[in-house]
Amino acid sequence: MGIDYWEQKYNPNGKLAREVKELESIQSTYGAQAVQLLSLVAQMNEDGQTKTISYVEDLLENPKYKK
């Protein structure tokens, strides 16, 4: 199997390359933990994502966790 096969399978229309660029941009702006957080949240259903946002908002109410 040549490179064309893998390009067709994993990078149709350059989608994978765009996603990698987006993640690199997020990492350079917000750090590696932001990419990890996005990866974990992406594995959740909508209810889990909503709950995660709620937890983060609660944490931000505490000055201990703010920058």
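Student: Which helix is Lys51 in?
Tutor: Lys51 belongs to helix α4. Keep in mind that this is a predicted model.

Student: How far apart are Lys51 and Asn62 in space?
Tutor: They are 18 Å apart, C-alpha to C-alpha. Along the sequence, 11 residues separate Lys51 from Asn62.

Student: And Thr52, buried or exposed?
Tutor: Thr52 is buried, because its relative accessibility is 16% and the cut-off is under 20%. Thr52 is also in α4, which covers residues 46–60.

Student: What does the side chain of Thr52 reach?
Tutor: The backbone oxygen of Gly48, at 2.8 Å.

Student: Which residues does Thr52 touch, leaving out those up to four places away in sequence?
Tutor: Val41 and Met44.

Student: What caps the N-terminal end of α4?
Tutor: Asn45 does. One of its side-chain oxygens lies 3.1 Å from the backbone nitrogen of Asp47.

Student: New topic. At what angle do α2 and α3 pack?
Tutor: About 130 degrees, with the axes 6 Å apart. That makes α2 oblique to α3. Helix α2 runs over residues 15–30, and helix α3 over residues 32–42.

Student: Which residues meet there?
Tutor: From α2, Leu23, Ile26, Gln27 and Tyr30. From α3, Ala32, Ala34, Val35 and Leu38.

Student: How many are nonpolar, polar or charged?
Tutor: The contact of α2 with α3 has 7 nonpolar residues, 1 polar and no charged ones.

Student: Let's pick Val35. Which residues does it touch, again leaving out those up to four places away?
Tutor: Leu23, Ile26 and Gln27. Val35 itself sits in α3.

Student: Is Val35 buried or exposed?
Tutor: Buried, because its relative accessible area is 18% and buried means under 20%.

Student: Last one. What separates the C-alpha atoms of Val35 and Lys9?
Tutor: They are 24 Å apart. Along the chain, Val35 and Lys9 are 26 residues apart.

How values were computed
Residues numbered from 1 in each chain as written. Predicted model: local features only at pLDDT ≥ 70, side-chain atom pairs only at ≥ 80, totals over all residues. Heavy atoms only, no water. Helix = DSSP H or I, 4+ residues; strand = E, 2+ residues; numbered from the N terminus. Buried < 20%, exposed > 50% of the residue type's maximum accessible area, 1.4 Å probe, protein only. Polar contact = N/O pair within 3.5 Å; in protein donor to acceptor, adjacent residues only side chain to side chain. Contact = heavy atoms within 4.5 Å. Axes fitted to C-alpha atoms, helices over the stretch in contact; angles between N-to-C directions. Parallel < 35°, antiparallel > 145°, perpendicular 65-115°, else oblique. Nonpolar A, V, L, I, M, F, W, Y, C, P; charged D, E, K, R; others polar.
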